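Hi,

Here is the structure for you to look over. My notes follow below it.

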Amino acid sequence: MNRRDFFKIVGTSAGAVAAAGCGQAPERILPHVIPPDNLVPGVPAWFSTVCRECPAGCGVIARNREGRVVKLEGNPDHPVNGGTLCIRGQAALQGLYNPDRLRGPIQRDTSGERSIKWEEAEKFLAERLADLVKQGRGKRIVVVGQLESGSLGRLMDAWAGALGAERLTYEPFNYEAIRHASRLVFGRDAIPHYALEDANAILSFGADFLETWLSPVQYARAFTRMHAFRDGKAGTFIHVEPRLSLTAANADEWVRNVPGTEGPLALAILKVILDEGIQAPGVDVALLRAAAKSADLEAAARQSGVGSETIKHLARAFAKAKPGLAIGGGVAATGADAVECQVAIHLLNYATGNTGRTVRFGPDSAFGKASPHAGMVALTQAMARGEVEVLLLNHANPLFTLPPKLGFADALKKVPLVVSFSNQPDETTERAHLVLPDTHPLESWGDFSPREGVVGLMQPTMGHVVDSTGRVFDSKAVGDVLLSVGRQVLPAPAGKGPFRWQTFAEYLKDQWRGIAREYSPATPFDQFWEEALRRGGIWKPVGAVPVQARGAPLSGKPATVEGDAQGLALLAYPSHRFYDGRGANIPWLQEAPDTMTQVSWDSWVEVPAETAKKLGLRGGDLVRVASPHGAVELPAYISDSLHPGAVAIPIGQGHTAERLRYAKDRGANPIALLSGQAAPAGLPFLSVKVTLTRTGGRRPLAIAQATHDQDDREIAQHVGLAAARELELRGAVPEKASHPSMYPDLKYPEYRWGMAIDLDACVGCQACVIACKAENNVPVVGKEQVAYGRDMHWLRVERWQEGKPAHPENLFLPMLCQHCGIAPCEPVCPVFAAYHTEEGLNAQIYNRCVGTRYCNNNCPYHVRRFNWWDYSSPTSRSYAFPEPLPLQLNPDVTVRQLGVMEKCTFCVQRIIAAKDAARDEKRPVRDGEIVTACQQTCPTQAIVFGNLKDMSSRVAKLSRSARGYHVLEELGTRPAITYLKKVTREPHKG
Amino acid sequence: MNQEAARQPTYADVNRDVIRTLEPPSPMYFGWMSVVGLILTAGILAWTYQIYMGMGAAGKRTPQMWAMYITSFVFWIGIGHAGTLISAILYLFRARWRTSIFRGAEAMTVFAVMTAGLFPLIHAGRMWFAYWLLPYPNQRYLWPNFRSPLVWDVFAISTYLTISVVFFFVGLLPDIAAIRDASTGWKKKIYGALALGWEGTDRQWRHYRRAYGLFASLATPLVLSVHSVVSWDFAMALVPGWHSTLFAPFFVNGAIFSGFAMVLVLIIPMRYFWNLYPYITDKHLDAMGKLILVTSLVLTYFYVCEAFTAWYSGDHFERASLFWKATKSYAWAFWLQYVCNSLAPLVLFSKRARTHTPTLYVVSILVLIGMWFERFNIIVPGLGHDFYPYTWGIYWPTVTDTTIVIGSFAWFFILFLGFIKVMPSVSIVEVKETLPHPVKEAHH
Amino acid sequence: MTIKVGVGVLGLTLLAGALFLALSTRGQAAGPAQPIAFSHQIHAGQYKMDCQYCHADARRSEYAGIPSVSRCMGCHRITAADRPEVQKLAGFFNKNEPIPWVRIFKVPEYVYFPHKAHVRAGVTCQTCHGPIETMAVVEAKTGQTLANDLLNLVGLARTSTPLTMGWCVECHTTMNAKNKTKAPLECAICHH
Amino acid sequence: MAGASVLGIFAHVDTTVKAIRELRAQGFHDFTVYSPIPVEEIETVLEENRPVSPVRLFTLIGGLTGMLTGFGLTIWSALKWGLVTGGKPIVSIPPFVIIAFELTILLGGLSTLLAILVLGKLPAVRRSSTYDPRFTVDRFGIAVSCAAERAPAVSRSLSQAGAEEVRR
């Protein structure tokens, strides 16, 4: 695919001219008819919008080149994510350009399925609805949709209200338990805002806030601020979880408990605090004592497998933090006792004076607006009874996310008309009678409020996706459809009635008049609107609302887990890459390794080593995992660290929908093992015990990392907190002369680009990996190739572990081209395809490469990637960019051909662009002006890029840090990347 | 078998016996040719497939960016050393026993280098641009990187091939003239053209002899340099187990070792099928056997040095690499190398073994296997466990690369089989030189 | 006999070579037919319009840009509105369709050529595109030719053909030497 | 003065040597000796008054040219476009020595080949009139160019020396 082919279809929605097939055919270039404002071909335009990959609502800016979005970046002004994005946010682009995206409305009945026109589809739907409404059976219409906390949500409410329909907001992970507990303890039906950055110690009960919990990007940023070593200070993070999750691996202290015992543990800690009298002054001790009445330290220690000394230590460490922060979540804390657990956590925060400081009601999370799981259970029952006649699904896939045992699939058969607004094929959409594909969020108007006081504004960042053969993805915004159908159902004179707006965009703007009055009454609306569009929304600080604690009854008993008494508790946890499964058909996400296991493409069951030994399992052996409610078959991943009483399976894989080419039949869905019955805490993900049997089959996993053992090579290094402080005081060691070169040092006339990566900040989230793939047109190669060491990632996040395998110290290391000053790869290239630029870049000239691959042999870091297959030519079988994925390709970066070596360039295209801008202004490049794609997206800002020659630049300062070192320094390669050692805390003895 | 007692051949006998080898071949010859031809076709098809699909068709991966192709490249270059060594060095040392085998050995050299030369092309990701390694003025104003060992390879191997071909051809000249004079019709025309009008005049002989000596003295340092340069492909790299000053002599010795084994593999059947016993006697085999033995012992010494330095240097990477090679996934190949290269040749201490053709043949084959695996062990396991544990990995050959490697043997044998039917595989002139001159007065 | 054959073979080889050279010249030699017979000679030559009046993106973008149909119509709504070619233009405008111009100048996919930097450095359009203002039909002989490559091989080529790498490099080198400019000679600037 | 050539064919080395000596004694110097192999004895006789073969000069000049080309090419091309690799200087002499060495051998060898061809007057399209195919098998020959009137004398001395056959 020619990355610049799109030049010729600039500004034309028709895109009438087919790409010239071979080189000799005349190529057409099409000018604009009427040039759109602020779009100059070749110059990027940026549009702000909101990421809708999960309900965290991060602000996004989209880079539009020649009418197509080529890269997403975090909106630097946005209060949630502050310019950074997570792995899923980065990958949203491949949702936009997904080759399996639906191309238009579909009608399906017993005779099969067919494409229909929008007018037809809307008319069909309107007629059915009108019939029901006329008969006064509007209640038999149900709208189920993902969390929409903005105008679309209000429109849906209004629409449902006008038609007399029911409406449910369905999020598979809705954190009901927190909401429930808040109601019990503080009388507020809300999920508070957690200010991690202000805590000195975080005590987390299973909350995977670096992966999926509530707002992972925001929390990762906040976590770094509280935790990363700065000026000799660093906060403490204690994590309680049976499984060594990515979040647990980042904890200073990971406490492995028996699954389901978070509640008793929290309560026991509360009791210790009360017994030792180390609670904050002024709290209602009597209330707390009453609550902790049933707490029993020894019993909790026994049940949880956590020693009583450790519990006491946790209590003291937490209480003395002032403020600390206790949080609870994750799947391990979603058992039957989840509400009790959350109550105990709320009380812990209350007891140590964190409420109002690090736990803030007021800026409540949007998650509090999701309907409880009980609503879905009730809906299923109603459907089964035949009480639902029209079911409208807005980005909800209950057939995948609800346990089959609940019977949703059968109930769905009883619904005469199922309408799905999904623009991707999925399990539920496959069963819908009418599919009305919504526009992708990046093509849509809309807004989203992730918490009180923040409203992100969404605008189309490009026109409708048109692939390079000229086929349009004929989608229509769900808001537009609702308005249009609503008007047909309840006709009203123009400009009147509940659906008087012609388009959803108009409705949105109208809604924003209200927002303008609330946020900025003095500004004229047009100005406010334009500013909001530019800024990406509107936000204001919302103070903490004072809350009064109330007593709550607590049993202090661990969660009950049903199933075979000899079985292992099932931890079905949300995948960091696929969330609830909605990202599974995004090839980037499939190919990005799970950091802890380094598995890509497949799904697995994490089996504790003890059980594996008993069953004679090796990694990759197929295992049948059976619960009372179902069974799945998955390859085993043998874990030394998982609690011996548990097995863990990530949620997100196991799709069955026919048209999901990347996700179909990949792994299995552990939700099939759950009962699905509503508990007070919603759907209990921790509720069953499973038994494992070896099937005898094998399906080896694609694991990128050969070993997590560094074999004493000091690749990822760490230093104790005390030692780090000492180093800090002593200052940097002068530039080492320990690895002299035979040759004089190279002179860099203007710049020498370099990078500093703080391993203390890196949490291993893989966002940089996808940002790099997106920026640099890195192809996706598939499971077999990854398994065989042929992945193409220019940047990889390695996980190294030290210490006891059951309880290791984990180190995350982003490894990319080190741009060595004395690069071993360069002199071996026979044709100068690899050479050193005057700015210290280790350049790789793809079109000069003949593919001897000598450079990668000689690269001690093996960061060079070879095009083993032809990923770039559309006629090749291994083509990596099926339509319309080529639209995403960065026009500033070559798509590499078959047989050439490629690697990280330090985003040389960004360097060139920044130098160009600087030259316009006749000045040198400023520090911080060049931001590489990986640095840009890093939620913890672990990566800093800049000019090493400028002694005042951030990167130069960091490179001189006393914690700095080079990987494999002894080889004398003099890398331009300095890693800063991770700061580890002294382990607690007990 | 013992042909020692045979009558001393005359000059005319030599001409007759040698030219007899060029008679129209037997059905068996065609049988062999078609077998080899079929294998070669498979190899060519595999290569075509690889060019079409990409290097992914071969089993390479990170970290084994090089594998069987470079193994075979070094192997064939090594084989290509014996010929020039026998022609040049033994010529300079006036080792008379070389005369009846050097022609075959030289042909082997030329063909082995021609085989070896294919591998860098087969190996390159974009072989269609391989000419960029040549220094030629171009409109890009770009030149190759003369600091790269691969460019040294280009120079060393093309020089070696050129000089070997020239040396080979110059040696053939008088013999071609002899065939010309013994043949008729179109054959006479072709051989006549190839003989360049050689008549064996005193003027021709005097320059020829002088030049031949000069060729020998140029080829001697060349032959040593070529495998040194090839060894630098590895020694100049950083990879543990590669980055060693030992490599040049180690490779040169190994090359001679495997080259002699290949010579034996070729001439033993030749002697049998064409009844060349008067010319290739057991004395020759004995001398070759001794050389194989000596080079094997030297090689063993290098092996010991290699292992010792890896251990004694205390270098963590070197040690880990050696330990891994010897005990993990590729241990079988590692120990096979020692059995074939260090143990098997020890039987040649016995004179009986040195003159017992089946034994000699088996040892030679083992040596060839061992030497192929020696290079394999340097490359594949060496890369598989280098500096960076993240990327450690195991290489699995595919059908494609295996077929290509086997095809390369077919390519070599098809060239050699072709050669022995069109050119004298024993030097007419030099065999005659070893015979007593025809004199009238016996007591002269 | 052998001599005759030799001469014959040599002759055939030379002939084949000459034929190959003749056929191997790439790039559009003659200007292709464009959807509208637009003449640069009239616009840039006769009326001395600035190139960047129409190709307005050249100073701010990688691409020089093709004027939008509405920009053309800006003048041609009145100017020469009766000419048949201008009416064709109006036809496109009225149908709200872009004009499918045929591209003449193109560098390979792996070359990044920014117009902006060259305009900023004061390089005239003609330096690369030739005397456009004299061309009624734009044509270009660009890119590598085998003939040039072979001449190079024997050391005979004195100049490179336009838009080849040697041609770019030559200009950058001379400009740097002559005018003390800092035109980059870094491979990665154009190839990344 | 008409020229003639006389060819004597010998079966033995010693008789050939004898014939050469005799011809020399009679003052004949313009003769060509054919032999199937290079024979030490014949060469010794022939080389008596001749300078050493100039082949080595070809080799030397070729070799030196090669070396200079090697250094010239590498240094010039490196300077032409100074690209740094691996922190090494643009003109890195040690690797260039290898190129220079290989070119020394290459051009040295090729010029030696040239020497054989030039000095041996090769390639020759036609056989010389005095050539006999047996010279590549086991016969030696002496072809003497002389004035026509001296031909009988030459024939005689060739026969006396032991020629199997004498042709005029």
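Chain C has ten helices and one strand. Helices (H or I, at least four residues) and strands (E, at least two) are DSSP runs, numbered from the N terminus. Along the sequence, the pattern of chain C is α-α-α-α-α-β-α-α-α-α-α. Chain C has 192 residues, and 25% of them count as buried (20 or more other C-beta atoms within 10 Å of a residue's own, with C-beta atoms placed from the backbone).

This is a predicted model: local features need pLDDT of at least 70, side-chain atom pairs count only at pLDDT 80 or more, and totals for chains, interfaces and linings use all residues. Residues are numbered from 1 along each chain as its sequence is written, while chains are lettered from A and ligands numbered from 1 in the order in which they are written.

Now chain A. Strand 31 (residues 796-802) and strand 32 of chain A run antiparallel, joined by seven bridges. A:Arg796 has A:Met815 in strand 32 as its bridge partner. Six residues lie between the two strands of this hairpin, where A:Gly803 takes a positive phi near 85°. Strand 32 (residues 809-815) of chain A is largely enclosed by the rest of the structure, because six of its seven residues are buried.

Last, chains D and B. Their contact takes 59 residues from chain D and 54 residues from chain B (contact: C-beta atoms, placed from the backbone, within 7 Å). Helix 4 (93-119) of chain D is one of the elements that each supply at least two residues to the chain D side. Helix 4 of chain D gives the most, with 16 residues.

Best wishes

Notes: Buried ≥ 20, exposed ≤ 12 C-beta atoms within 10 Å, placed from the backbone. Pairing = 2+ DSSP bridges. Contact = placed C-beta atoms within 7 Å.
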